[in-house]
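Have the sequence and the 3D view ready. This report walks through some side chains and what surrounds them.

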Amino acid sequence: MMDFEDQWLEKLSLALGEARGAGFRDSVMSGAGEREVIRWTVEVMEKLNSELSAEELHDVMTSCACHYPASALEPVREAFAGTGSFTLAMDMLREQFRENMEKNLGIPDEVVENLLARGMGPAGVLEENRIVATKIPKSGNLMTWLSEEDPGRRREIYCHCPRVNRALEQGIPVPDTYCLCGAGFYRDIWETITGKPVRVEVLRSVMNGDDTCSIAVYPEALRA
């Protein structure tokens with residue numbers, strides 16, 4: 001199996017090809033896997049920010065995301081298809097999150113409830129025309145993150161993405177549009193559940209000095 005870096009580069013390459021064709025893809029991907037990864041990432045994001053439209057950038061970067069297990073989303077999709085209820089779908093996602101945290105990762109119940117109260121996890125919080133989800137810290141660092149008092153260190157251990165962790169540790173600023181990759185996780189969840197296109201927006205990011213990362217999700221049905 002490919003490691004995270006190889007998987008991410010393959011997703012980016014495919015998305016760039018679909019957006020602008022092979023010539024643009026090859027120009028962006030030049031040096032991938034050969035140059036220092038964070039410096040290369042900064043240059044890539046600066047190029048994409050300057051040469052892609054906002055819509056193209058959204059689609060390219062969200063296509064690089066990791067995905068929620070499809071088998072876990074299937075019952076949620078079926079429930080939504082039968083009811084059209086975002087509340088029901090979100091309740092099911094919260095229950096899945098609670099079960100995974102407690103049974104599979106051994107996270108205490110009171111910690112899980114604290115995370116849910118913060119809007120963390122795949123479900124998020126329903127607002128008028130959007131869902132706002134706050135990413136949980138990387139599971140292996142969760143308990144450390146909760147007790148860590150140094151803001152800088154909290155940011156360094158928060159993200160699931162090793163590129164972000166390394167960039168923060170090295171003090172190298174990466175354009176926050178890179179975080180659309182993480183936002184794509186939620187785009188995939190809600191496009192799978194609703195069967196409709198979904199837009200996402202990064203509201204808060206540790207790359208900008210925030211303590212957590214929050215994503216706004218705009219399902220088509222909520223925008224109507």
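Which elements cover the buried residues of H9? Strand E2 (131-134), H8 and helix H10 (162-170) are among them. Keep in mind that this is a predicted model.

**Helix H9**

Three residues of H9 are listed as buried: Arg154, Ile157 and Tyr158. They sit on the same side of H9, because they cover an arc of only 110 degrees around the axis. Now look at the start of H9. There, a side-chain oxygen of Asp150 comes to within 3.3 Å of the backbone nitrogen of Gly152.

**Aromatic pairs**

How many aromatic pairs does a search of the whole structure find? The search finds six. Two of them are set out here.

| Pair | Centre to centre | Angle between planes | Type |
|---|---|---|---|
| Tyr68 and Phe185 | 6.1 Å | 55 degrees | tilted |
| Trp145 and Tyr158 | 5.7 Å | 45 degrees | tilted |

Start with Tyr68 and Phe185. Tyr68 lies in the loop between helix H4 (54-62) and helix H5 (70-83), while Phe185 belongs to helix H11 (residues 180-194). The two are 117 residues apart, so this pair links distant parts of the chain. Tyr68 has a relative accessible area of 12%, so it is buried. Phe185 has a relative accessible area of 23%, so it counts as partly exposed.

Next come Trp145 and Tyr158, a tilted pair. Trp145 is in helix H8 (residues 142-147), and Tyr158 is in helix H9 (residues 151-158). They are 13 residues apart. Both are buried.

**Arginines over rings**

Which residue lies over the face of Trp145? Arg154 does, at 4.1 Å from the ring centre. Arg154 is also one of the buried residues of H9. Elsewhere, Arg20 lies over the face of Phe24, at 5.5 Å from the ring centre.

**Nonpolar cores**

The largest nonpolar core has 46 residues. Trp8, Leu12, Leu48 and Met61 have the most contacts inside it. Helix H3 (residues 37-51) gives the most to this core, with seven residues. Take Leu48 as an example. Not counting residues up to four places away in sequence, Leu48 touches Leu16, Phe24, Val28, Leu57 and Met61. A second, separate core has 21 residues. Phe86, Ile189, Trp190 and Leu222 are included in that core.

**Helix H4 and Thr62**

The buried residues of H4 are Leu57, His58, Val60, Met61 and Thr62. What covers them includes helix H1 (4-20), H3, H11 and strand E3 (198-204).

Is Thr62 buried or exposed? Its relative accessibility is 4%, and buried means under 20%, so Thr62 counts as buried. Thr62 is found in helix H4. Which residue does the side chain of Thr62 join through a polar contact? The partner is the side chain of Arg187, at 2.7 Å.

Technical notes
Residues numbered from 1 in each chain as written. Predicted model: local features only at pLDDT ≥ 70, side-chain atom pairs only at ≥ 80, totals over all residues. Heavy atoms only, no water. Phe/Tyr/Trp six-rings, centres within 6.5 Å; stacked < 30°, edge-to-face > 60°. Helix = DSSP H or I, 4+ residues; strand = E, 2+ residues; numbered from the N terminus. Buried < 20%, exposed > 50% of the residue type's maximum accessible area, 1.4 Å probe, protein only. Lys NZ or Arg CZ within 6 Å of the ring centre and 35° of its normal. Core = buried A, V, L, I, M, F, W, Y, C linked by side-chain atoms within 4.5 Å. Contact = heavy atoms within 4.5 Å. Arc of directions from axis to C-beta. Polar contact = N/O pair within 3.5 Å; in protein donor to acceptor, adjacent residues only side chain to side chain.
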